Amino acid sequence: MDALMLSRLQFAAATLFHFLFVPLTLGLSVLVAVMETRYVRTGDEEYRRMARFWGRLFLINFAIGVVTGITLEFQFGTNWSRYSAYVGDIFGSLLAIEATLAFFLESTFIGVWIFGWKRLSPRMHALTMWLVAGASTFSAIWILIANAWMQHPVGYVLRNGRAELADFLAVVTQKFAWVEFLHTVSGAYILSGFFVMGVSAWHLLRRNEVPFFTRSFRIGLVFALVFSIFEVVQGHLNGAEVAEAQPTKLAAMESLWETTEGAPMTLFLVPDEAAGRNAVEIGRLPGFLSLLAYHDPKATVKGLNDFPADERPPVLVSFLSFRIMVGLGLLFVLLTVVGWFKRNDLVDSPTYLRIMVWAIPLPYIAIELGWILAEVGRQPWIVYGLMRTSDAVSPVAASQVAVSLAAFVGVYTGLGILAYYLMARYARRGPEPAPAA
Amino acid sequence: MLETIWFIIWGVLWTVYFVLDGFDLGLGALMPALAKTEEEKRTVYNSMGPFWDGNEVWLITAGGVTFAAFPGTYAVMFSTLYAPLLWLLFALIFRGIAMEYRGHMESERWRGFWDLVLSAASFLPALLLGVAFANIFQGVPFDTRGVFHGSLLTLLNPYGLLGGVLFVLLFMVHGCLWLAARSTGALRDRAAALAGRLWWALAAAAVAFFAASWKATSLYANYLAAPALFLIPAVAVAALLATRFFLGQGRWWRAWTASAVTIAGAAFFGVAGLYPALYPSSLDPAATLTAFNSSSSPLTLKIMLGVALVLVPVVIAYQAWTYRTFAAGPAEAGGHEEGY
């Protein structure tokens, strides 16, 4: 394999692994902050125990999220130096703003939270977790503005042989970025809600600490319910935005080959990329794709065959990741709505609780597929329509990248096993015993 | 003008990083020599626990600012230093995990393992950063297309290794003094005694480095052109002597502050000598990347300057608050601190 393909694999491994930990950081920080705030407001010790128990799970997860984030920033320079030189004027500044605005805040106050239980007043201590949660969100905003710029470049001019910033406001206020931000953060909140519900369900099935885990479950449930519904509505907006900005990705997501007026959505199909058509198609819903993409069942959607063959993204990966992600998103609405009706007799709903334990990995899968769709669907472009991925790679030896890729995969596999082993172990052990009254 | 301002900010960010993360890197590397009992180890961890993560972000920001203000340099520097950067990254990954995961299991072997990881993963960044910067000072073999002509061994030349040794010793003395300031009893005595011994090695390495720079680099050209710049190394030398003086008197915080000034002086000695180059090529002067031929557009530099002028003071303010809140008084193994 050449340095390009190896670098792509390395970036994919680094990003997907990093994003196993980021969503829980985003959502659980908010939930822990909510729990601790309730403790400050009510003085109820149980909320303090909740903040500590979920907080410790948060920290195990947080550690990996942070260290794997550092590697991502550096990879742009090590593996994608042509890209860095070409768009650094815009992309680099967004990353630098993220570091100064968000990463400092997050890393400084997580230390304060860990060590501050006795040195700070309860109110101040709860505030530090809000700062961590806010900083994680700021971080997501800037990273997603940067990613959105790769998806839909705006506010630049081509000058001095590179893309230079022409309109900063256009870059940070572009709709694609904010739609992407809402979509990603809602996904993270759903994941965190399911995580809290799943761990709580495990204990409720065993009748451990029933009041503690019933309360925890309900906090996770409300959070996940609200954002699951929001995500379905918002995902639709996201699709419309993709249709507008990235027609090749839209066509690949739906495996639509011919330009069609009143384009259908097909429930099941098998694309034949070499022949430029679908080998199997079952369950056509006429006009649905046009309706979803352009809010008009009659609108024309451009098919893949009307784009040059070397500008089409991989179809099967795009189609499958989109289908499964959407299916899971709908399942999350179903599971949380059922949960809402069962919220008062959770302990007597063992089947539902068992399903919720098994549901823990599902939002992780949905979120990873979302990123695969976003990044693979953008190919062959690293910056959509502006720079090809093949022109972006560093002039480094393939052997060097191969060694580092092997090292990344090895180290990350070990770290992943370690982190989830520790989390599972700690989650099973349950909270510290309540202090004797 | 904007380019020069950003060159200075670039230098300041690296300097702040070395001063802040320097003590926890040095302390982590020396952990096995300093702490004998579990209680002492906990004290060492707790003495740096609330700070190390925030300190490390200065590195991320220094990297981020290189990307934002000098993307040309960022691209070539990071891809030509591919191998050492990956070693640095893996070390930082393991260091963070050691800090965070050590306390999550009640097993002596588990903790012993992470103590070793911490030590190695703290030593390595100190060494690599020293080697990298010394190589930057003397120039790295890359051509005008940004292609590196060499290997990891190219970077491990005598001057590069001398830079590595210098950084390791600077950080170790800095770390011992931090611990001396934040501990009591046998632990503090051991830290102080070690700082005293390492100081002599550091003084020798510093003299050798200043001298070798004369032959190996063209850093002194700027100094000879503007002799006022000699104040920078003079301050570094004075601070190094002051470190020894306060150490002898047992005034730990003053000694630590003097050591911080030594590190800052040493870093700025290089930065001032380098200007306007950020990344000189030893192969072809035309390939050398400077603040002027590798910078971002004036618009980006202006916007980023606005961002930095507003945000960096805020960051300094809240980090200073954490140091005031958490570095007051000695660190303890249990009781007051709960962290790791």
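Where in chain A does A:Glu209 lie? I looked there first. A:Glu209 sits in the loop between helix 6 and helix 7 of chain A. Its phi is positive, about 45°, although this residue is not a glycine. I note here that the model is predicted, and every value below is computed from it.

**Entry: cis peptide bonds**

I checked omega next. In chain A, a cis peptide bond joins A:Gln379 and A:Pro380, with omega about 0°. I found A:Pro380 in the loop between helix 12 and strand 7 (381–383) of chain A. Chain B has a cis bond to a proline as well: the one from B:Tyr275 to B:Pro276, with omega near 0°. I placed B:Pro276 in the loop between helix 12 (252–274) and strand 1 (277–279) of chain B.

**Entry: two helices of chain B**

I turned to how helices pack. Two packed helices are described by the angle between their axes and the distance between the axes. I looked up both values for helix 1 (residues 2–34) and helix 2 (residues 38–48) of chain B. Their angle is about 180°, and their axes are 11 Å apart. An angle over 145 degrees counts as roughly antiparallel. Helix 1 and helix 2 of chain B are therefore roughly antiparallel to each other.

Which residues of helix 1 of chain B meet helix 2 of chain B? I listed B:Phe23, B:Asp24, B:Leu27, B:Gly28, B:Met31 and B:Leu34. On the side of helix 2, the partners are B:Glu40, B:Lys41, B:Val44, B:Tyr45, B:Ser47 and B:Met48. I sorted this contact by class and got 7 nonpolar, 2 polar and 3 charged residues.

**Entry: chain A against chain B**

How many residues of chain A are in contact with chain B? I read off 71 residues of chain A, in contact with 67 residues of chain B. The area buried between the two chains is about 6,100 Å². Carbon and sulfur atoms give 72% of that area. I then asked which residues stand out on the side of chain A. A:Phe104, A:Phe115 and A:Arg119 supply 15% of the area that chain A buries against chain B, more than any other three residues.

**Entry: the largest pocket**

I looked for open spaces. The largest pocket has a volume of about 980 Å³. Its lining has 42 residues. Nearest its centre lie A:His183, A:Gly235, A:Phe322, A:Met325 and A:Val326. Several helices of chain A each supply at least two lining residues, among them helix 4 (122–151), helix 6 (175–205) and helix 10 (315–342). Which helix gives the most to this lining? I found helix 7 of chain A, with 10 residues. By class, I recorded 24 nonpolar, 13 polar and 5 charged residues in the lining of the largest pocket.

**Entry: the largest cavity**

The whole structure holds 8 cavities of 30 Å³ or more. The largest cavity has a volume of about 740 Å³. I saw that 32 residues line the largest cavity. A:His18, A:Val22, A:Leu72, A:Ser139 and A:Ile143 lie nearest its centre. The elements that give two or more residues to this lining are helix 1 (3–42), helix 2 (45–79), helix 3 (81–115), helix 4 and helix 12 of chain A. I sorted the lining of the largest cavity too, into 19 nonpolar, 9 polar and 4 charged residues.

Terms used
Residues numbered from 1 in each chain as written. Chains lettered and ligands numbered in written order. Predicted model: local features only at pLDDT ≥ 70, side-chain atom pairs only at ≥ 80, totals over all residues. Heavy atoms only, no water. Axes fitted to C-alpha atoms, helices over the stretch in contact; angles between N-to-C directions. Helix = DSSP H or I, 4+ residues; strand = E, 2+ residues; numbered from the N terminus. Parallel < 35°, antiparallel > 145°, perpendicular 65-115°, else oblique. Contact = heavy atoms within 4.5 Å. Nonpolar A, V, L, I, M, F, W, Y, C, P; charged D, E, K, R; others polar. 1 Å grid on protein atoms, 1.4 Å probe; cavity = no way out; pocket = protein on both sides within 12 Å on 5 of 7 lines; lining within 4 Å. Points joined across faces, edges and corners; volume = space filled by probe spheres on them. Buried area = accessible area lost by both parts, 1.4 Å probe.
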